[in-house]
Amino acid sequence: TAVPGVEEVRDGVYRRTLRLPHGSGVVSLRPHPDHVRCHLVIDDFRDLPAAIARCRRLLDLDADPEAIVDGLSADADLAALIAKAPGQRIPRTVDEHELAVRVVLGQQVSTAAARTHAGRLLRAHGRPVDDPGGGLTHVFPSAAELSEIDPSHLAFPKARQRTLAALVGAVNSGAVILDPGCDWDRARAQLLALPGIGAWTAEMIAMRGLGDPDAFPATDLGV
C-alpha cells in the first residue's frame, strides 16, 4: 500500500515523510529484536516530540500487549494463533487525515490502483522534500492543501470524487474530527453521515487512523 514518494522500504528500513507543525521530516524505522531504531531528519527541532509521538502511533507502541492477548485468546478460533505470536498490534498511521483520504481512495479498487490515485494527488498537491539518501519526494498533502482538488487529478468515478471532496470539506470545517484524542464513536457517526462512506470505510479509519482496538471491517473482501 506504500505511496511512491511518501513511503519506501530500503535496506530493511521503513522510511516515510512527515508533515509536522513547523515543517517537514523524514523518519527511518529499523526493527530489532527488542526495540525499533528511529532516525529522524526534521526541518525544525521543535517538531521532535510531535515526530516521536507520530512514530509511536504508527507502530501502536502504546497498546497494552497483555490486554490484547487476554482479549483475543478468549476466542476459540484465535487462541492458537495468538499463542504462537503474542503481542499483536494494529499498523496505524502518522497522520489521521492522510489515512482517511487513502482509505477513500482505496474504496472498491485494487491496492495498485489506490497507490496510483494517491500518487497523482501527491504530485499535484504535496509539498516537496529533499531525501539525498533515498527515494522520498513529497509530504502527503494536508486536508487544507486538498481543498481545491482539480478533478483532472482524480481518475476515478464521480461518486468517489464527491466522497473525497465531502471528506476533505468536513475535515477542514470541523464537521469530522479525526485526531488522537477524538471520540471513536462520534468520529464513526460523523464519517457515516458523509456521502459514499459506509461501514467498511468508517471501520478502516477507526482501526488504523484512530487506533480503536474494537474496530473491525467485517465487510472487507479479505476478511
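I am working with a predicted model, in which local features need pLDDT of at least 70, side-chain atom pairs count only at pLDDT 80 or more, and totals for chains, interfaces and linings use all residues. Residues are numbered from 1 along each chain as its sequence is written, and side-chain values use heavy atoms, with hydrogens and water left out.

I looked up strand β1 (residues 7-10) and found that it runs antiparallel to β2, with four bridges joining them; strands are DSSP runs of E of at least two residues, and helices runs of H or I of at least four, numbered from the N terminus, while pairing requires that DSSP finds at least two bridges between two strands. Val9 stands opposite Tyr14 in β2, and in the hairpin, which has two residues between the strands, Asp11 takes a positive phi near 55°.

Why is strand β2 (residues 13-20) largely enclosed by the rest of the structure? Seven of its eight residues are buried, so the strand is largely enclosed; buried means under 20% relative accessible area, exposed over 50% and partly exposed in between, with a 1.4 Å probe and protein chains only.

Last, I checked Asp44, in the loop between β4 (36-42) and α1 (48-58), and noted that Asp44 is buried, with a relative accessible area of 18%.
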